Amino acid sequence: MGHRVLPIVIFVAALSGIGRAAPQSSKAASAAKDIELPPLSYVCIMAGDEDVIEDHPGKCRKCGMELVPIRLDTVWTCPVHAAIHDAKPGKCPIDGRQLIQMTMAISWTCPGGDKEETAPGTCANGAPMVKKYAPRPHGNHNPQHGGQFFMASDNWHHLEGTYLPTGVFRMHLYDDYTKPLPLAQARTISGAVVVKDQRTGEEKTIPLTRSGQYLQGTVGKLPFPAVMYAKVKFKPDAPDNRFDFTFDSYSKEPAPGAAPRTTSAAPTTAPVTASAAPAASSTTTSTTAAASASAAPELSSGVDPALVPLPVPETVPEILSQLRTRTDQIRSFIDKGSFASIYVPAFQAKDLALALDAHKNDLPAEKRKVAEPAIAKLVRVAYMLDAFGDLGNKQQISEAYAKFVEAAKDIQSSFPAQP
Amino acid sequence: MMRNSVSIRIAIAGSLLAAAALLSTVPGEAHKAITSKYTYNDDVFPILRDRCSRCHVTGGVAPMSLTTYDDAFPWAESIRAELVAGHMPPWNADEGFGNLKRAHTLSPKELDVVLTWATGGNPRGALDQKLPEVTLKNEWPLGAPDLALKVPAEFTLAADKMDDTQEFTLPSGTSEARWVRAVDLLPGTPSIVRSATIFVKDAAGGAPASAPAPERVLAHWLPGQDPEPIDSGIAFRLPAGAQIGVRIHFKKTWQFEGKALSDRSTVGIYYAPVKEATELLTLPIESPAATPAQGQSVTFSRTLADDVRAVALSADSVPPNISVQVEAIHPDGSRTPMIRLNTRADWDRRYWFEKPLALPRGTKIEVKANFEDPDLLSTAFSTPLTTASAPKPTAMRLTLGVLPANSKPTAP
């Protein structure tokens, strides 16, 4: 579950807006009233229990400690200057790099004091309290060195692979805050990178050697897209984790004033853009355009259409057609190695399948028997793709995708393509 | 089914505005942010109560109750893994291959609600909302049986054992042969009765292996599942004075580690309400004892010597964690998919076909067993890149439940 907060909120809101218009609008009204402050969340401050987060006060589910209120917000920050916080994407005022998305806890403090408040106020000296930002675990799944970023199956280690113009594959290691792993911990990690020989097609395993805080090995100059995978042991006695990388070009350290990064592992920003409107079904175009014009944050163009959520169409043929598009989009993300983005079209496809589920009673009994298990399977496999997308093992993703295609095919064949 | 397009437009416009309003206020912790619009109290609890609580309840056989928020939320990640892997609810047949009577599954909507909740921060709902208490129901789902036979003695699963298997013999005491439509088991101590096989102990035997033999396995019992009464017209034959065998697998969950627990279960037999019926027969499909494994897969088959109608299939002796696909290859070469199983230990059952499959003489029942673990999730999260744990090919047996073509109902 990578960079998903924004798109998911859109999905959720769009879905519930259709399914449950009344309750959603009242929620929206109250949300709008408190627009200054994100809602309170309750977290555990015990080391190791950072993933405990609740929407109400109480005791930590892991250690029993009293939970502490915080406010979490999605902010845009400079890749290397985390002191910069902005509410919308843009360029870092310090070095001109594209801002990246992170989840942070916000609090308010007085200069010199160590007490943090969850709302702004006035200090004893009459000055307004200062807003403070602190990162959260898994708040940042963005590549730090222009490469491809994955999470390990232990949910704690994270890594980023880069392919350098010298023919070197370099692997940066991080913790759950995307902080570089301390040397002592990096020392326990070993791995190898595997590439296919261009002539013989045989796999060649190149052990990675440690160089400071990263591991690297020379794979040589490969034609693009350069495909390789890493086998990593996070502890000497642990099984190998596999991470698949596809590089369209050599990785570049984000440079001052660099153009918007378009490598495959780009974070899924851009929940709603004006470019979504022309793609929307004809019946909804005008309202969608109007709504998105007012709703859309300022975003750079060139967003992959697969990452743009569309409303679920009304008619079965339109839903089927969009389902086909989403199925192809997952394929193209897999081919490009953009595993962290797969969940977006996968969840959209799942929502389309659930919309078809509402139409299944119109089908003859024979077709319904095919459609029903196929829809259930597609929903299940969408979540499987979501889980695998974060882990970055191409073989597992491809196997899950094969199941997804099976289910999508059964769905396509059981519903009428014409009205 | 067409919705009113104007209301749709308004709803979409409204929802996008709502999304915009939420955008700036959403808690944004990537992994556990509360993104689920479904809450435990309102949406998840009714599903868990109706679909899972026969086992996942205090005193049930499952290792955890899911019937209160405090019980369920620590298991959210585990719920996600079990649902996504297709392990729960237990139903090992692949969707979309063959045409089976489906017993115990979640609807797509139910699946989505629980998964959205499990991955979306597990919101509880209103704190002051009181949910109805769910308690263990240990009763006969089909009502009181016609013949209830208690196992002869209490069995104790010792303090130092986590599981054990025990076979009991129960004299039926019947004076005449009867047709049986269903057989069930009522655990004495539900928390340790994990599975059971109930069968007619047959002294006779000796029928030629080429001909279908009477089905002696009356039930593969699993917890939380209703016994499936077979279609009217088909029945198991219970001979006069039959001895009933029941082999029970007792298993403790971690909650009872180090404790001794005793059980005395009861077998329940439901007679068919007819004088005449067609007896369910069986045809075993066996792999040769030393099947040479070609790579990781084994194919074996049985060709039918007579016209039959196939009604059921069970995998009696098949290793766990493999994929088994069964197809009927008709004499004209056409193929009918029958079943594809992802086998799991302790979840064997008899699968009934939605409709009897007419299989003419000369039809080949082909079984393909693939020894690569089909379970993508378990390989992803526990042992990636290793195949050492893959089960070794061994002799396997599946049982096809058949009726001879043109069979006429008879007295038992």
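Guide: What follows sets several values against their definitions. This is a predicted model, in which local features need pLDDT of at least 70, side-chain atom pairs count only at pLDDT 80 or more, and totals for chains, interfaces and linings use all residues. Residues are numbered from 1 along each chain as its sequence is written, while chains are lettered from A and ligands numbered from 1 in the order in which they are written.

Visitor: How many helices and strands are there in chain B?

Guide: Chain B has six helices and 20 strands; helices (H or I, at least four residues) and strands (E, at least two) are DSSP runs, numbered from the N terminus.

Visitor: What makes H8(A) and H5(B) roughly parallel to each other?

Guide: Helix H8 (residues 365–391) of chain A packs on helix H5 (residues 108–119) of chain B at an angle of about 20 degrees, the axes being 8 Å apart. Axes are lines fitted to C-alpha atoms, for helices over the stretch in contact, and angles run from 0 to 180 degrees between N-to-C directions. Angles under 35 degrees count as roughly parallel, over 145 as roughly antiparallel, 65 to 115 as roughly perpendicular and the rest as oblique. H8(A) and H5(B) are therefore roughly parallel.

Visitor: Which residues of H8(A) and H5(B) meet?

Guide: A:Ile375, A:Ala376, A:Val379, A:Arg380 and A:Tyr383 of H8(A) meet B:Pro108, B:Leu111, B:Asp112 and B:Leu115 of H5(B), contact requiring C-beta atoms, placed from the backbone, within 7 Å. The residues of this contact comprise seven nonpolar, no polar and two charged. Ala, Val, Leu, Ile, Met, Phe, Trp, Tyr, Cys and Pro count as nonpolar, Asp, Glu, Lys and Arg as charged, and the others, Gly among them, as polar.

Visitor: Why is H4(B) called oblique to H5(B)?

Guide: The axes of helix H4 (residues 76–85) of chain B and H5(B) come within 8 Å and cross at roughly 140 degrees, which means that H4(B) is oblique to H5(B). On the H4(B) side, the contact is made by B:Ala76, B:Ile79, B:Arg80 and B:Leu83; H5(B) contributes B:Leu111, B:Val114, B:Leu115, B:Ala118 and B:Thr119.

Visitor: Why do E6 and E18 of chain B stand at the edges?

Guide: The open sheet of five strands has the order E6-E13-E20-E15-E18 (chain B), with antiparallel pairing. Strands E6 (213–214) and E18 (350–359) each have a single partner strand, so one side of each is left without a neighbour in the sheet.

Visitor: How do you know that E6(B) pairs with E13(B)?

Guide: Two strands pair if DSSP finds at least two bridges between them, and two bridges join E6(B) to strand E13 (residues 281–286) of chain B. B:Ala213 has B:Thr282 as its bridge partner in E13(B).

Terms used:
Contact = placed C-beta atoms within 7 Å.
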